[in-house]
Amino acid sequence: MLVLVDLDDTLCNTWEAGRYTVLRLIPFLLRRRKFRAFLYILTARYRELEQSREFHMMDLDKIVERLLEKIYAKVPGEELEEMQELIDRVFFSNLRLFPDAVPFLEGLREMGAKVVLVTDSSTRWQRKKLEYLGIKDYFDALIISGETGYSKLDPHNFRLARRLFPHESEVYMVGDRDDTDMRGGEEVGAITILVSRGYFRGRLAKHADYIVKDLLEALEVIRREHEKRAEA
Ligand SMILES: [Mg+2]
């Protein structure tokens, strides 16, 4: 059995920690009279980033830097440094595993599953999260967009994960986003399980075989499907 798992908003509260970080950035921006950046946040223009392949391979602090450059052309280096320090500090002090993450990973281990993390964003940022959350040893392999050069908007990383374990005939994909995790899983013939939480919660799911409310339910689905196959 091969289980592909997403990190952000599936295993940990990235959206919540990110939102808190952006809230803490607002007084900083206002003090420096960066009103246009403030408006960018206020009017939720960041939604335009959802389909950007490039931004899916970057850190949060790199994203903020690039956005500021987009809005202002030139931002003083020390201001950027100060902001990056703030982002790093606030983000990581608010980042948590969801309470069902470890029971889910333990459950997969008990079933003897091969588990591969398939995640967007940069290498440094994602590895730092894994280190900080203490879950790296649960994975048989890590596939990070910043390392492969492809975001999860493309099927490339899912195919890579699939090819690592060619003899596993039963494949699952567990994630929170339909147009990346579920679509990519579908592409490699996985049973796709959407965990409905985080930033993308409530969006229309076109590629999910199952929609569940948490990871314990996802584990139940995997158990049931596995038993069905064992009987057949
Ligand atoms: Mg996610």
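Predicted model: local features only at pLDDT ≥ 70, side-chain atom pairs only at ≥ 80, totals over all residues.
**Close-up 1. Where H3 meets H4.** Leu60, Asp61, Val64 and Glu65 of H3 touch Leu80, Met83, Gln84, Ile87, Asp88 and Phe91 of H4. H3 covers residues 60–72 and H4 covers residues 77–94; the two pack at about 145 degrees, and their axes sit 9 Å apart. As for handedness, H3 and H4 make a right-handed crossing.

**Close-up 2. Strand E1 and its two partners.** E1 (residues 2–5) is covered on both faces. Leu2 and Leu4 are buried on one side, and Val3 and Val5 are buried on the other. E1 runs parallel to E2 (residues 114–119), with four bridges joining the pair. Four bridges also tie E1 to E4 (residues 171–175), again in parallel.

**Close-up 3. The buried side of H6.** In H6 (residues 123–133), the buried residues are Trp125, Gln126, Lys129 and Leu130. Looking down the axis of H6, these buried residues fall within an arc of 135 degrees, so they line one face of the helix. What do they pack against? The buried residues of H6 pack against H3, E2 and strand E3 (141–144).

Close-up 4. Gly134 follows H6, and its phi is positive, near 70 degrees.

Key:
Residues numbered from 1 in each chain as written. Axes fitted to C-alpha atoms, helices over the stretch in contact; angles between N-to-C directions. Left-handed = near helix turned anticlockwise from the far one by under 90°. Contact = placed C-beta atoms within 7 Å. Buried ≥ 20, exposed ≤ 12 C-beta atoms within 10 Å, placed from the backbone. Pairing = 2+ DSSP bridges. Arc of directions from axis to C-beta.
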